[in-house]
Amino acid sequence: FLPHLVASMEEVQETYVMVKPDGVQRGLVGEIISRFENKGFLLKGLKLFKCSKELAEEHYQELKGKHFYPKLIEYITSGPVVCMAWEGIGVVSSVRKLIGATNPLQAEPGTIRGDLAIYPGRNVVHGSDSPENGHREVALWFKADELCEWVPAQLPWLRE
Ligand code: UDP
């Protein structure tokens with residue numbers, strides 16, 4: 001255990017990432033998790049989960065009233081999702097870059113949506129859009145005892 005390699009708490013962020021039902025049905029779970037694992041972020045929570053309409057509505061509360069909202073709730077509750085909590089310095093914006101633009105046709109090649117999806121309503125993955133929403137969404141989707149604090153063996157090779 002190398003204390004100087006553990007970042008100070010102010011710098012560390014957490015973000016909520018979710019493989020949406022289309023990603024699960026298309027067998028893309030491993031591919032999507034690998035993008036964040038290979039980048040070097042720390043996985044704190046992981047589960048396969050069928051979410052209720054109430055939870056989907058709370059998660060997407062900021063989008064209530066948008067024309068696509070009813071279809072979005074139907075989509076997210078249509079099958080199991082894979083819920084993840086990731087931790088790291090700058091993890092929120094980095095994960096958003098790795099995921100790519102909301103409309104997969106506009107997402108850059110190399111991003112998850114750019115490589116794996118075509119339609120906004122089937123864009124395979126979610127990532128929190130701010131550190132505040134990262135906290136809110138991790139707490140919404142995970143119970144405290146489902147999150148794991150640990151130090152990966154590769155840490156000295158990830159941090160300078
Ligand atoms: N969405 C959609 N049509 C739109 C805009 C958004 O179906 O025109 C869906 C899409 O699945 C998106 C989700 O609603 O991922 C949440 O929208 P947001 O603007 O928060 O995009 P994100 O942060 O997921 O890129």
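Here are questions and answers on how terms apply to this predicted model.

Residues are numbered from 1 along each chain as its sequence is written. Because the model is predicted, local features need pLDDT of at least 70 and side-chain atom pairs count only at pLDDT 80 or more, while totals for chains, interfaces and linings use all residues.

Q: Why is Phe68 called exposed?
A: Phe68 has 11 other C-beta atoms within 10 Å.

Q: Where is Phe68 found?
A: Phe68 is in the loop between helix 3 (53-59) and helix 4 (69-76). Helices (H or I, at least four residues) and strands (E, at least two) are DSSP runs, numbered from the N terminus.

Q: Why does Asn123 count as buried?
A: Asn123 has 23 C-beta neighbours inside 10 Å. The cut-off for buried is 20 or more, so Asn123 is buried. Asn123 lies in the loop between helix 6 (112-116) and strand 4 (125-127).

Q: What makes Val124 buried?
A: Val124 has 26 C-beta neighbours inside 10 Å, so the word buried applies. Val124 lies in the loop between helix 6 and strand 4. The phi of Val124 is near 60°, a positive value in a residue other than glycine.

Q: Why is Thr77 called partly exposed?
A: Thr77 has 17 other C-beta atoms within 10 Å. Partly exposed is the class in between exposed and buried, so Thr77 belongs there. Thr77 lies in the loop between helix 4 and strand 3.

Q: Which residues does Thr77 touch, not counting residues up to four places away in sequence?
A: They are Cys51, Lys53 and Ala56. Two residues are in contact if their C-beta atoms, placed from the backbone, lie within 7 Å.

Q: What does UniProt place at His126?
A: An unreviewed UniProt entry places the feature "active site" there. UniProt positions are given in the numbering used here, feature names are shortened, and annotations may be inferred rather than shown by experiment.

Q: Is His126 buried or exposed?
A: His126 is buried, because 22 C-beta neighbours lie inside 10 Å. His126 lies in strand 4. Leaving aside neighbours within four places in sequence, His126 is in contact with Val17, Met18 and Lys20.

Q: Which residues surround the ligand?
A: The residues are Leu63, Phe68, Leu72, Thr102, Pro120, Gly121, Asn123, His126 and Asp129. A residue is near a molecule or strand if its C-beta atom, placed from the backbone, lies within 6 Å of it.

Q: In what order do the four strands form an open sheet?
A: The order is 2-3-1-4, and the pairing is antiparallel. Two strands pair if DSSP finds at least two bridges between them.

Q: What makes strand 2 (42-49) and strand 4 edge strands?
A: Each pairs on one side only.

Q: How many bridges join strand 1 (residues 12-19) to strand 4?
A: Three bridges join them. The rule for pairing asks for at least two. Strand 1 and strand 4 run antiparallel. Val19 stands opposite Val125 in strand 4.

Terms used:
A residue is buried if 20 or more other C-beta atoms lie within 10 Å of its own, exposed if 12 or fewer, and partly exposed in between; C-beta atoms are placed from the backbone.
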